[in-house]
Amino acid sequence: MKIALACHPTHGGSGVVAAELGMRLAARGHEIHFVSYERPFRLDPLAPGVHFHKVQVSSYPLFRYPPYALALANELLQVVNSEGVEIIHAHYAIPHSLAAVLARNMQRDGNVKVVTTLHGTDITLVGADPSYAEITRWAIEQSDSVTVVSDWLGEATRKELAPECDLQTIANAVDAVSYSPERADPVLRARFAAPDELLVVHVSNFRPVKRVCDVISAFARGAAQIPARLLMIGQGPDLAISQEEAKKARIEHRISWLGPLDDTSALLASSDLFLLPSESESFGLAALEAMASGLPVVATHSGGIPSVVSSGESGLLAPVGDVEQLAQHCSQILGDTDLRKKMSRTARALAVDKFGWDRVIESYEKCYEDLLSDGG
Ligand code: GMT
């Protein structure tokens, strides 16, 4: 099949899923065309069978806000026509699903189909914003097929936006070879923690939904009596307030702020515990990558997280905003080596057994094949 993928190229789970999916589809013989304003950061530029088409957004004096969605729709249509693309797979509703639907409707000769994969904030934040709600609903309803990354997101989408929409859950997957305890690097670890210290890690885009200040507070309280350090990976609007929080808690000297990293695999595998206290998380790919790396996860009982992290087995969950319980969970896991090792093994096993790519690729392939065999 010839498939165009539209996604966010920057750090974030939806772009990771799209890039990994595209490379795997190409490895199975499909022709893949990524369309975005930048090459997705997880996309190997040398991956065979994968092409990248850059969206050019021209500035024009009248455009105070250059219309990226329209430039994307235009580029998608050109790629569909010039490459004979049969499926446009849009990751994240706005602007990708919208642009894909526009490109399909503009096509004069041909019958390209649109698959939309909803990832989370495209529904819970962007889709809930009155400025975007109606157009998000329209893009979803106009798609030929819609998938969601968790049952929880499916329910949220039906409840908030599209009650009649047929939604198929295809859960996210992890590259369990790249994200593996085998990637642990003692020299790297030694740069951040002394031999007697444990290493706690958080990875996100530091948006309010991630509750990064809770990471700081839970670590400050949970590791008050335990020799441990915290790695904060990523950047975003709440970076400054989380740094303020660390100062207030007098733990700045125990924290390393690393900024966004393209490859977190060695740092995850070299750490001991992953902390994700999000307000809402449709799936929690960051937690799954940590589990595959052999890390127990302390997280919130929110959104799709419980479908990824089995509380009591691969980590411990607490209610959103309950910093005291998050801290207790941290100290329980950090303070008990046997428990930590047991959870580490279970986390790895669950990630490999439940969230491998083979099943996910087959589900997406079936989704595309069903649409193409419908004729339309
Ligand atoms: O986490 C984010 O804010 C980024 C966002 C994205 O689109 O990149 O992540 C969403 O999609 C990921 C991949 O499907 C999910 O693992 C994340 O849980 C989801 N984020 C939220 O729901 C907050």
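## Exercises: a buried helix and some salt bridges

Helix 3 is largely enclosed by the rest of the structure, because 11 of its 14 residues are buried (under 20% relative accessible area, 1.4 Å probe, protein chains only). This is a predicted model, where local features need pLDDT of at least 70, side-chain atom pairs count only at pLDDT 80 or more, and totals for chains, interfaces and linings use all residues. Residues are numbered from 1 along each chain as its sequence is written, and side-chain values use heavy atoms, leaving out hydrogens and water.

**Exercise 1.** Work out what covers the buried residues of helix 3.

*Solution.* Start with the buried residues themselves: among them are I94, L98 and V101. Then look for contacts (heavy atoms within 4.5 Å). The cover includes strand 1 (2-6), helix 2, strand 4 (87-91), strand 5 (113-118), helix 4 (121-124) and helix 5 (133-142); helices (H or I, at least four residues) and strands (E, at least two) are DSSP runs, numbered from the N terminus.

**Exercise 2.** Find which parts the salt bridge between D175 and R24 ties together.

*Solution.* First, check the distance: the closest N and O atoms of D175 and R24 are 3.8 Å apart, and a salt bridge needs a Lys or Arg side-chain nitrogen within 4 Å of an Asp or Glu carboxyl oxygen. Finally, check burial: D175 counts as buried at 16% relative accessibility.

How values were computed: Buried < 20%, exposed > 50% of the residue type's maximum accessible area, 1.4 Å probe, protein only.
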